[in-house]
Amino acid sequence: MSETINQVLKSGSCVGCGGCAFAASGKMALDAHGFYAPQLKGAEYDSALASACPFLSPDLNEDFLADRFLPMLPHRDHKIGKYDAVFAAHAEENSFRRAGSSGGIGSWFAVELLQRKLVDGVIHARPVPRRGAEDPFFRYGISRNIEDVKKAAHSHYHVVEISEVLDEVKRTPGRYLFIGVPCMVKAVRRAQLRDGQMADRIVYTMALVCGHLKSVHWALSLGWGVGTIPEDIESITFRVKSNNVAAKAYYFGIRKRGGTVLEVHDSAPLTGGKFNLGAMMPDACNYCDDVVGETSDLTIGDAWLPRYALDSRGKNMIVSRNPELTALMQRADRDGRIVIEPMTAKEAADAQSGGFRQRREGLAHRLARRRLGGLWVPIKRDLPDMVRPGLLRARIYDLREQVSVRSRKSFRRALDQRDLSVYEREMATTFKQLRLMEIFASATRIASVRLRALFSRRRS
Ligand SMILES: Cc1cc2nc3c(=O)[nH]c(=O)nc-3n(C[C@H](O)[C@H](O)[C@H](O)COP(=O)(O)OP(=O)(O)OC[C@H]3O[C@@H](n4cnc5c(N)ncnc54)[C@H](O)[C@@H]3O)c2cc1C
């Protein structure tokens, strides 16, 4: 029997990308937990919209889409996909680096394509005005000039959906760059497979490396955690930089309604504020194996390697899958407009080691556990690093899943009772337990690496 959107929804694997709503001229709406869900006509939930959904039609997986949309490339790696070149980089010209989350290449690259008239518009998540307490902070939109691209800089750790903006692309001829996390790029590739206009108009795609998405409520929980009630939060900026703050820190800025000051805070001490704990993550992120956006022309993320860890100015890791874009960046490096430094494919994967553990080892565990329980799971690629973990790590993966489910329910109760302490109290033990297990697991990992190095030195 063919698989359906209904199965994806019931199993909690819907990431709310909007691919199916675009294909079926439906809509996307936020649910009570701040996640997007499709609103389709009755029969469509059981229909063959499968090729639109990133979690269905396993034949149209990342490998297939990369081969279909990207040129023949010299290298292929099971972690970072096909690639032409890998490097570390940051923007040197203008204020892109200071204004961005990482090395500023995201906004620099979008502006570069606009200035060179290689595209007419940039499709990306942008801050939007909010009226209601639970309204979204960001939506997809099209920026057609440099100022608008710059205004949207930073990582928006927040759900977005593509159906509205792809409708706009359909109504408005032109050439576009699409920016998004891996599942969104995959959904766009699927749209391009079915719709020639999408293939002609979206001429470049740029993926942001992705740990996981967060609901609208995560932003509310941070703002509320530092004293601003949800209805008073005008805007949020994630990954605000500061001179004395490590590149990897998650500082955020909150602007109160009517206020002019951006109050900057560290998210780590707040309940669920440590990004990797997985608070208010969609369940779908548990069923994704694409950390870097393997179907995109260019991937950008953070170069989280020891040699860059202390640089508070930010440094990108870049994977180019398009020789034309590799050459564009190399030219800009020669002109001193950006700085490119060598990085190997292994280093790029190492820079995202936590993400790969969660999405490969963790995924192998989750799939096996659900199958054992007779539950439906999306069919994933058979990748060499999808090896089932030992007991400790398996327990960590289970606890992370519990965190995302419990946190969203608990925060809903806090919103309904207008009392943040409900969330803080209910989640305290689970977060603490997970944190302690993670610290123990990483201490064990470091010790075993050191011991192996010691033994191999002795042997030689
Ligand atoms: C949900 C999420 C999870 C991430 N997880 C990781 C991770 O685990 N490891 C890692 O190395 N990097 C991760 N990143 C990417 C990283 O945070 C930076 O966004 C990236 O390195 C680009 O930084 P920059 O300074 O070059 O870009 P900037 O100059 O800040 O520009 C970023 C561009 O991306 C667009 N954008 C931001 N968020 C979104 C979004 N949600 N959807 C569509 N467009 C968006 C902006 O509009 C802007 O055009 C994540 C990003 C997101 C949104």
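A polar contact is here a pair of N or O atoms within 3.5 Å; within protein, one must be able to donate a hydrogen and the other to accept it, and residues adjacent in sequence count only if both atoms are side-chain atoms. The model is predicted, so that local features need pLDDT of at least 70 and side-chain atom pairs count only at pLDDT 80 or more, while totals for chains, interfaces and linings use all residues. Residues are numbered from 1 along each chain as its sequence is written, and side-chain values use heavy atoms, with hydrogens and water left out.

Select the ligand and then His 124, where an N or O atom of the side chain lies 2.8 Å from a ligand oxygen atom. Move on to Asn 316, whose side chain places an N or O atom 3.0 Å from an oxygen atom of the ligand, and to Ser 102, where a polar backbone atom is 2.7 Å from a ligand oxygen.

Finally, select S8 and strand S9 (residues 202-208), which run parallel and are joined by 5 bridges, and look for Gly 180, which stands opposite Ala 207 in S9.

Definitions and conventions: Pairing = 2+ DSSP bridges. Helix = DSSP H or I, 4+ residues; strand = E, 2+ residues; numbered from the N terminus.
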